[in-house]
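Please read them alongside the sequence and the coordinates.

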Amino acid sequence: MLFTTTLVFALHFLAVSAKLRTFNWNIGWVLASPDGLTRPFVGINGHWPCPPINVNLGDIIKINAYNGLGNESTAIHFHGIFQKGTNFMDGPAMVTQCPIAPGEKFVYEFKVTQTGTYWYHAHIGGQYVDGFRGPIVVHDPAPPFKYDQEIVMTLSDLYHDEAPNLIHYYQSPENSGSEPVPDSNLINEAQNVRFPIVAGKTYLFRIINMGAFASQWLQFGQHIMTIVEVDGVYTQPYDVPMLFMATAQRYSVLVKAKPTAVQNFAIVASMAMDMFDPSKISPKIGQVTSWLVYNSAAPLPNPFEITPQPFDDTQLVPYDAQPLFDSPTMQTIYYTVSFGANENNQIRGYINGQTYRIRANMPQVPTLYTVLSAPLANLYNPAIYGQVNPTILPLGTVVEMEINNHDVGNHPFHLHGHNFQVVNRFGGAPSIPDMPNPWPVTPMRRDVIIIPGGGSVTIRFVADNPGVSLFHCHIEWHVEAGLTATIIEAPDVLQNSKSYIPNSHKTACKLQKISMKGNAAGNYKNWLDLTGANTSPPLDSWG
């Protein structure tokens, strides 16, 4: 009854309180030294860290973006936002838009119809490694829990070198597949952050792992965290002593302050280093400490060492009790995840034996524009989309996707345009337990799930969002290595909707001579002729 009342109030609020929230962003290089070493970061309006986006349910976000980087193109993804009806605003370069060239303008505009904790980041060439990332909070007029104050907390791994150099190293034939290892760890893009706390109050911490590689353990000294939201999905309250967060995952937790302001307490985040090349690990990386400061006159305690414990996110139960998706016509997709050397001796990521091309070897036409321009007879033919690992789904299909990880490392996979039900997981390391009761009545939903090394995960979702959605590992190095698949939902429905492509999107393509029609090779006369389509990644030209 409480959830129904909350939903009715939220819908009324959505109808009467929506506002246009306009952000004018000049995206450029900014010098900063969050761990003591100064380096350039991708900032906004001359500042870094990038600003948070705070809006209310039903608001319209409009971002007037100008690429002032000078030497790099850019594109922005709004992670976790479904973009129903606005698939062309999803952001991945050469998927739903052309890149934004240096010196050019671009407009993102969409309505937010979800509440919760999200984030934005560059979705091109590893650029968010260089700091183009920030929180998005969509406030609910009637959340199903009470608190006195909210605090946004971000976790991120920091690299002293810039992304293009790191990608060139990672994808060099001379590299055996060792990913770049971070140089330090950050909380709120800084170190030694202090959070003022008032005794007796309840705080909602919105926690986002905005890192490129490292999963993180997070613990509040002598405080219990009560999980109430995961990846934008409200959950039944669930107490935990610590969190384990893969890249791109979010948790909102309630923290009840102590009754008296006698002492202060440490917060420790510790990177999981099991996938790091041991020869590249610096003694300075790993843990980062911040503090809950009850009394500014009291000393700050020394940081404690985190003792990792098994963390089973599949035990979370959605607050709305959404039942298990099911259908007699359910479609099953089987994916295998692996790594191996290609013909150039580069270590590439493969889904079902196919690697996704990136950067110079993207399709000559963004995949969305192939969908919008293809003849009806070819829309459901995966060949026209090129080597982007396409799966094409009719509208309303209930999908069960089983992902088998043939690699030894854990891989956090993200599905654009949806959250999904996690219905099974097994074969994981001790820190990621097997799911004790697969196919539960009310499965956990989220948009990033860890596929354990040597194990598998099964998820379900409904193909109810016409457009093009990526499914990819959210370790940024693995995106660059091609560990990505493409889900194309209801292409016929999308065509019939006659989606309006904004002028700034058309201009971005025109200025770079990127076609907005045709198959992956840009051929619109013979849709099955992909002569000229790129088939292997470049050896250089990164960044």
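What share of the contacts in the chain with a separation of 6 or more comes from residues 24 or more positions apart?

1. In this predicted model, residues 24 or more positions apart account for 78% of the contacts with a separation of 6 or more. The chain contains six helices and 30 strands.

2. The overall dimensions may be considered next. For 543 residues, a compact globule would have a radius of gyration near 24 Å, and the value of 22 Å for the chain agrees with this. Along the principal axes, the C-alpha atoms fill a box of roughly 75 × 55 × 45 Å.

3. Of the 543 residues, 60% are buried. The chain exposes about 20,200 Å², of which carbon and sulfur atoms supply 54%.

4. As to charge, the chain carries 30 positive and 40 negative side chains. The centres of these two sets lie 9 Å apart.

5. The structure holds one disulfide, formed by C98 and C509 with their sulfur atoms 2.0 Å apart. This pair links distant parts of the chain, 411 residues apart: C98 lies in the loop between β5 (76-79) and β6 (105-111), and C509 in helix α6 (residues 503-511). The disulfide is right-handed because the torsion about the S-S bond of C98 and C509 is about 100 degrees. Both C98 and C509 are buried.

Definitions and conventions. Residues numbered from 1 in each chain as written. Predicted model: local features only at pLDDT ≥ 70, side-chain atom pairs only at ≥ 80, totals over all residues. Heavy atoms only, no water. Helix = DSSP H or I, 4+ residues; strand = E, 2+ residues; numbered from the N terminus. Rg over C-alpha atoms; globule rule 2.2 N^0.38 Å. Buried < 20%, exposed > 50% of the residue type's maximum accessible area, 1.4 Å probe, protein only. Contact = heavy atoms within 4.5 Å. Areas by Shrake-Rupley, 256 points an atom, 1.4 Å probe, with all protein chains shown as cover. Lys, Arg positive; Asp, Glu negative; His and termini not counted. Charge placed at Lys NZ, Arg CZ, Asp CG, Glu CD. Disulfide = S-S within 2.5 Å.
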